[in-house]
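Please open the model in a viewer and follow the stops below in order. Each stop names a selection and then describes what is found there.

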Amino acid sequence: LRGIFGTPPLSHWLPSDWRNLTRGARGLAGIRRPTLLNDTFNFALFSVACCMLAYQVCGWVTKSPFGRVMAAVRDDEVAAQTLGKRTTLVKMKVFVLSAVVAAAGGILTALYTQYIDPGSFHLNDLVLVLTALIIGGLGSRAGPILGAAVVVAVTESLKFIPPSILPPLVFAPLRVVVYAAVLLAILLRRPKGILGRITID
């Protein structure tokens with residue numbers, strides 16, 4: 001990177017060793033929480049407050065004129081371009097907004113676990129998020145929250161099954177099967193998801 005940004009003043013601000021910044025594959029350990037958030041209950045309340053804030057901000061955006069432009073680009077990009085809308089710029093703004101919300105969730109995750117590394121997020125986590133999103137329904141603010149509640153409830157309920165009936169080695173594969181069964185049942189009964197407004201093709 002110093003070869004790319006070798007000309008001053010950018011090279012002056014770049015660290016000499018990037019691993020000192022991110023610790024490479026060792027990850028970031030010992031992430032400190034603010035003193036007020038060291039209590040589990042306080043951290044839970046803070047997380048809920050952040051979720052409610054993100055929910056409200058997304059509501060403001062979707063109900064604004066920019067939100068109507070986003071819906072037009074989503075439904076028919078060519079028609080939006082015909083009306084003079086700069087669809088590429090709109091999609092870039094949506095990407096930045098979604099990245100900000102995702103970054104807030106990542107900060108909460110890092111504060112909760114107090115350790116993150118490149119292996120902290122696997123494909124299974126992505127499948128879990130997409131499952132919750134599809135079950136709750138696309139195009140709805142409350143849909144992902146409901147979908148996450150359903151997925152977590154199904155997962156946690158399996159943990160109460162005695163080991164004599166459900167051995168630990170069977171739990172992980174069975175969880176994936178249950179996800180798939182719930183997802184198929186929702187899609188067959190409600191193709192848009194429970195609270196969705198967009199048909200999933």
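Select helices α4 and α6 in this predicted model: α4 passes α6 in a left-handed crossing. Helix α4 covers residues 65-75 and helix α6 covers residues 87-113. Their axes come within 10 Å, at a crossing angle of roughly 110 degrees. An angle of 65 to 115 degrees counts as roughly perpendicular, and α4 and α6 are therefore roughly perpendicular to each other.

Next, display the side chains at this crossing. From α4, select Phe 66, Val 69, Met 70 and Val 73; they meet Thr 87, Val 90, Lys 91, Lys 93 and Val 94 in α6. Sorted by class, the residues in this contact of α4 with α6 are 6 nonpolar, 1 polar and 2 charged.

Move on to helix α8, residues 142-158, and helix α9, residues 168-189. The axes of α8 and α9 cross at roughly 145 degrees and come within 10 Å. This crossing of α8 and α9 is right-handed. On α8, highlight Val 150, Val 151, Val 154, Thr 155 and Leu 158; on α9, the contact is made by Phe 171, Arg 175, Val 178, Tyr 179 and Val 182. By class, the contact of α8 with α9 has 8 nonpolar residues, 1 polar and 1 charged.

Now turn to the aromatic rings. How many aromatic pairs does a search of the whole structure find? The search finds 1. For charges over rings, select Arg 33 and Phe 43: Arg 33 lies over the face of Phe 43, at 4.9 Å from the ring centre. Finally, select Arg 141 and Tyr 55, where the charged end of Arg 141 sits over the ring of Tyr 55, 4.3 Å from its centre.

Notes. Residues are numbered from 1 along each chain as its sequence is written. This is a predicted model: local features need pLDDT of at least 70, side-chain atom pairs count only at pLDDT 80 or more; totals for chains, interfaces and linings use all residues. Side-chain values use heavy atoms; hydrogens and water are left out. Rings of Phe, Tyr and Trp (its six-membered ring) pair if their centres lie within 6.5 Å; planes under 30 degrees apart count as stacked, over 60 as edge-to-face and the rest as tilted. A charge sits over a ring if NZ of Lys or CZ of Arg is within 6 Å of the ring centre and within 35 degrees of the ring normal. Axes are lines fitted to C-alpha atoms, for helices over the stretch in contact, and angles run from 0 to 180 degrees between N-to-C directions. Helices (H or I, at least four residues) and strands (E, at least two) are DSSP runs, numbered from the N terminus. Angles under 35 degrees count as roughly parallel, over 145 as roughly antiparallel, 65 to 115 as roughly perpendicular and the rest as oblique. A crossing is left-handed if the near helix is turned anticlockwise from the far one by less than a right angle, and right-handed if clockwise. Contact means heavy atoms within 4.5 Å. Ala, Val, Leu, Ile, Met, Phe, Trp, Tyr, Cys and Pro count as nonpolar, Asp, Glu, Lys and Arg as charged, and the others, Gly among them, as polar.
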